[in-house]
Amino acid sequence: MIKINDYIPIVGESIIEDLRLLAQKLKGISVKHINSTSAGGGVAEILNRMTPLLKDLEVDVYWDVIRGDERFFEVTKKFHNALHGRPEKIEQADFDVFMENSRKNINEIDTGTNIVFVHDPQPIALINKKTDNKWIWRCHIDVSNPHGGVWKFLNDFIVRYDSIVFSAPIFSQPLPIKQFLISPSIDPLSDKNKELPQETIDSVLKKYNITPDKPIITQISRFDRLKDPLGVIEAYLEVRKYIDCQLILAGGTAADDPEGIQVLEEVKEKAQQDPDIHILLLPQNDIEVNALQRASTVIVQKSIREGFGLTVTEALWKAKPVVASHVGGIPFQIKHKYSGLLCHSVAGAAFALKQLLNSPEYAKKLGENGKEHIRNNFLITRHIRDYMLLFLSLYHTEDVVYF
Amino acid sequence: MMTLIKAKEPFRFYTRLHLTELTGLKASTLGQLSSLIKKVPGSCIYHHTHRFLQQHQYLSPEPPNDFAYWVTEALSEDELGEKLASIDTIQYSSIRSLRDKIADTIDEYLEHNRVAELKFSRLGEEFYFIKSKSFLLPTNYLVYDLREFVDVLKKVTLDSIYFHIFEARLRLEKGKNDFSNWIETSLGDTALANALSKLDPYTFTLEDLRKAVIRIIERRLSE
């Protein structure tokens, strides 16, 4: 079991001391996180790691998961897509399924803690159970351009929470309640981010027949149009005219996603047997992703839309120079020309890649800046600190709080 | 070696932690930016002139503020970006006067560059106004003389250093930083207090600022 003190070599002892000071201020306050799944997905991943660390800090924290039948999760999937701006046909029957399932959870889940911290839309209706305790709703998704009536439906619940939390300023909405900005984070001690011995990196490259004899450009993403893998190939082909390099496109298997399979076919077609383009269908294997990122010369994230873009966070943490699109939470992580390069087009991505490959000292500086930026702002210790401050903010409304 | 003087009052190190609050306000033109700068709460101005410095403290020894960065990167108004980046923040002892200077700089630029008013940022690249909610907590570090002071200075967080140097003098409208204030009033060492007051903290990274303060105090201790 990882302990909070294990992070001292990474962030310094004084940062952990600050966490302990904050935890003392939360004595006597109980908190319960509620989401829709205990495994799989980013929210469960972060709660799995964060809850034991909060307990280690002696915060009285609990975690519960709502239950739902297949129909409920089909409806919430539609909600999810609509909130991301995808046209979805949502009917009254869908809202009825959502409410029917929510009523069961309201009856079954204990929400008697001082603070109830609800994550994402699935459990949002639990607010109907609010008494005189404090409730927070955490929106992990990009709701900058929601489609149809889903946001309106959710809004009736949202406004009854005490505070709401978004991951990037662009996601915020005009609301009559307090809105806070808390970015997601990565765990530097997880398999995906921990230091790896060179032998591990070499063995992963060998497994996929990649020879590190020329610069490696990598995009780690599922095969999805919103991640623009075809655009990445176009940018690579442009770079390739001037610089001998290779491209890795690595992402999860797309067996249950018909559109993903089609995108993958198009990617293969576009790659046209180029031996320097490595298309890797990775099973969920964090060590391999870590190794591929560490083996790369430059990392690309040429998304068309993005939530926060944690693959960018992971790459920066490994001190890699990054070229990424100016979308979602990415500009929050990359300040152009300081901690990476931002782009808006294939041509822009290609130009940035050429700059970085031709100027290794500049690339190194951006990577080092990027790593420090992540250390200061996007590690799990900062996330824990922000959550504790958020809990305290519910009891202190002033702009400057003195203890 | 100087004789250590025991302070009349000990110095308590504080830490200052921020929670970021969204206001829902955004600007896509210079006109909107200037108009909102004049209206938003002081904690917004503080956030965009100081939090940027803190979040990106390693980037550059003379870091720009958020306004300068946005004007340069989102609107490509390099000249105005340079003017905003070079505002001498240390001259302003209150958020109010700093706010006026920023707004005046933009307005004056617009007066002479009418066409700049017509520029819009791309969708999604607007300037989002954010404010800081601060939490001030006493740490367990309490010191009675200069030697203890410098030893603790080596290990406190950058947040703590930031609080005692920046927040104390600007947001809370104290004329000088907490370190100089304590050294003068409790240790009676005016020369050392003045030496620390003379540092322009906005032109250091926070880690370099820590080193500079330590260096000045250690030199005094070795006299």
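Colleague: Which strand of chain A does β4(A) pair with in the parallel sense over three bridges?

Modeller: That is strand β5 (residues 163–166) of chain A, where a strand is a DSSP run of E of at least two residues, a helix is a DSSP run of H or I of at least four, and both are numbered from the N terminus. Two strands are said to pair if DSSP finds at least two bridges between them. This is a predicted model, in which local features need pLDDT of at least 70 and side-chain atom pairs count only at pLDDT 80 or more, while totals for chains, interfaces and linings use all residues. Residues are numbered from 1 along each chain as its sequence is written, and chains are lettered from A and ligands numbered from 1 in the order in which they are written.

Colleague: Which residue stands opposite A:I136 in β5(A)?

Modeller: A:I136 faces A:S163 there. Strand β3 (residues 115–119) of chain A is also joined to β4(A), by five bridges and in parallel, and A:V118 has A:W137 in β4(A) as its bridge partner.

Colleague: Why is β4(A) largely enclosed by the rest of the structure?

Modeller: Because four of the five residues of β4 (residues 134–138) are buried; a residue is buried if 20 or more other C-beta atoms, placed from the backbone, lie within 10 Å of its own, exposed if 12 or fewer do, and partly exposed in between.

Colleague: And the largest nonpolar core, which residues touch the most other members?

Modeller: Of its 156 residues, those are A:V118, A:I136, A:V298, A:V323 and A:L353, and helix α15 (residues 380–393) of chain A gives the most to this core, with eight residues. A nonpolar core here is a set of buried Ala, Val, Leu, Ile, Met, Phe, Trp, Tyr and Cys residues joined through C-beta atoms within 7 Å.

Colleague: What is A:V298 in contact with, leaving aside neighbours within four places in sequence?

Modeller: The partners include A:I217, A:K320, A:V323, A:L353 and A:A363, with contact meaning that the C-beta atoms of two residues, placed from the backbone, lie within 7 Å.

Colleague: Changing topic, how is chain A divided into domains?

Modeller: Domain 1 of chain A takes in 4–185 + 380–393 and domain 2 takes in 198–377, with bounds that come from an automatic or database domain assignment. Their C-alpha centres lie 30 Å apart, and eight residues of domain 1 are in contact with nine residues of domain 2.

Colleague: How many residues of chain B are in contact with chain A?

Modeller: There are 29 from chain B, in contact with 35 residues of chain A, and β2(B) supplies the largest share of the chain B side, nine residues. Strand β6 (residues 178–181) of chain A also pairs with β1(B) in the antiparallel sense over three bridges, and A:Q179 stands opposite B:L22 in that strand of chain B.

Colleague: What about chain B itself, how many helices and strands are there?

Modeller: Chain B has ten helices and two strands, and 43% of its 223 residues count as buried. Along its principal axes, the C-alpha trace of chain B spans about 65 × 30 × 25 Å.

Colleague: Which residues are buried in helix α4 of chain B?

Modeller: In α4 (residues 78–85) of chain B, the buried residues are B:L80, B:G81 and B:L84. They lie on the same side of α4(B) because they cover an arc of only 105 degrees around the axis, the arc being that of the directions from the helix axis to the C-beta atoms. What covers them includes α3 and α5 (95–112) of chain B.
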